[in-house]
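Opening the notebook on this one. I'll jot down what I looked up, entry by entry.

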Amino acid sequence: MTPETLSPGHQVPARILVIKLRHHGDMLLITPLIHALKQQYPAACIDVLLYAETRDMLAANPEIYQIYEIDRSWKKQGKGHQLKMEWQLIRTLRQQRYDMVLNLADQWPSAIISKLTGAATRIGFDFPKRRHPFWRYCHTVLASTQQHNQLHTVQQNLSILTPLGLEISNAPARMGYSESDWANSRTLLPDGFQENYIVIQPTSRWFFKCWREERMSALINTLSEDGYAVVLTSGPDSNEKKMVENIIAGCPQARLHSLAGQLTLRQLAAVIDHARLFIGVDSVPMHMAAALNTPLVALFGPSKLTFWRPWQAKGEVIWAGDFGPLPDPDEIDTNTKERYLDLIPTDAVIAVAKKVLA
């Protein structure tokens with residue numbers, strides 16, 4: 001597709017809506033776009049439409065004026081209830097009188113909502129799977145996706161600005177939290193853990209992205225012997241918490257404290273922000289650490305490194321593919337018990353952690 005551009009002299013927008021309907025990490029990675037918009041249009045009010053469960057990723061971002069939600073539980077309450085709530089949402093969005101909608105999503109509802117806002121400028125992506133007249137009808141202009149397979153997810157998001165004549169390929173991500181988030185999470189840390197601690201998030205909701213528990217235990221033992229306190233975190237899922245328990249069992253003498261499953265996302269952000277170092281696998285907390293500029297060691301693979309490496313990271317990414325062959329990310333059975341990160345030697349992680357701490 002030939003890249004499209006708006007006619008010169010288009011109106012400077014006063015109200016902008018950004019639509020993204022994906023997972024938690026995806027939402028954090030739209031914050032560079034939010035920042036770029038705020039830099040370009042400082043007087044504009046920038047709103048976001050997202051899935052309700054991802055709200056915490058953006059709720060404390062001062063560059064966002066208002067957040068609107070699609071609650072995926074609506075459909076569980078019957079089709080009538082779902083249609084009622086969706087119509088209320090569309091009516092509310094129309095009342096905002098947006099000048100511009102930037103639809104980053106690839107779902108049909110996002111295109112329909114874009115159209116129904118009534119915004120004069122509605123930019124979407126020319127997704128190959130959406131080469132349909134109705135997708136084109138819902139948007140006033142489509143941004144090319146031809147280079148997306150070579151770009152980080154942040155850069156893909158930023159490329160939606162190209163039709164506006166804005167060629168921006170770099171902007172900072174931002175993860176916000178409140179003072180009360182830090183105050184509440186700090187009370188969960190034992191005496192002596194408030195300063196100079198390391199956060200380790202060993203889990204992901206997909207275990208094929210995780211490192212073997214014994215290796216994580218060996219890493220923690222070494223860091224503890226070097227005088228560091230270690231805080232273990234995880235999501236609330238029982239399998240993740242069980243994995244943390246297995247790691248702790250291998251560290252009977254370590255200076256270690258577990259907050260697994262105990263923190264909200266924003267409380268976790270506060271704990272990571274005050275850490276000396278973050279060590280983790282390819283997961284939402286890894287992206288949070290990068291956005292917070294906390295030094296990090298990220299154990300990565302077999303996800304697409306080009307798309308999902310930690311953006312603006314201070315620290316090191318250890319790519320399992322440097323130690324052996326990895327399968328095609330698109331062909332992985334997400335329920336596999338294979339631990340692809342086991343290609344990464346324990347000594348390599350210890351050495352990189354000490355290098356970043358130095």
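Helix pair. I started with helix H8 (residues 213-225) and helix H13 (residues 346-357), which pack at an angle of about 35° with their axes 10 Å apart. My helices (H or I, at least four residues) and strands (E, at least two) are DSSP runs, numbered from the N terminus. Axes are lines fitted to C-alpha atoms, for helices over the stretch in contact, and angles run from 0 to 180 degrees between N-to-C directions. The crossing of H8 past H13 is right-handed, meaning the near helix is turned clockwise from the far one by less than a right angle. H8 brings Arg215, Ala218, Leu219, Thr222 and Leu223 to the contact, and H13 brings Thr346, Val349, Ile350, Ala353, Lys354 and Leu357; contact means heavy atoms within 4.5 Å.

Ground rules. I'm working on a predicted model, where local features need pLDDT of at least 70 and side-chain atom pairs count only at pLDDT 80 or more, while totals for chains, interfaces and linings use all residues. Residues are numbered from 1 along each chain as its sequence is written, and side-chain values use heavy atoms, with hydrogens and water left out.

Sheet. I traced an open sheet of six strands with parallel pairing, in the order S9-S8-S7-S10-S11-S12; two strands pair if DSSP finds at least two bridges between them. At the edges I have strand S9 (256-258) and strand S12 (315-319), each pairing on one side only. Neighbouring strands are turned by 15° against each other on average, direction ignored. Strand S7 (residues 197-201) and strand S10 (residues 277-281) run parallel and are joined by four bridges. Looking up isoleucine 198, I found leucine 277 in S10 as its bridge partner. Helix H10 (residues 265-273) packs on the sheet and touches S7 and S10, its direction making about 135° with that of S7.

Salt bridges. I get 13 of them, taking a side-chain nitrogen of Lys or Arg within 4 Å of a carboxyl oxygen of Asp or Glu. One joins arginine 72 to glutamate 53 at 2.3 Å, N to O. Arginine 72 sits in the loop between strand S3 (66-70) and helix H3 (79-95), glutamate 53 in the loop between strand S2 (45-51) and S3, 19 residues apart.

Most residues other than glycine have a negative phi, and most peptide bonds are trans. I noted a cis peptide bond from glycine 301 to proline 302, omega near 5°. Proline 302 is in the loop between strand S11 (296-300) and helix H12 (305-308). Asparagine 293 has a positive phi, near 60°, and lies in the loop between helix H11 (284-291) and S11.
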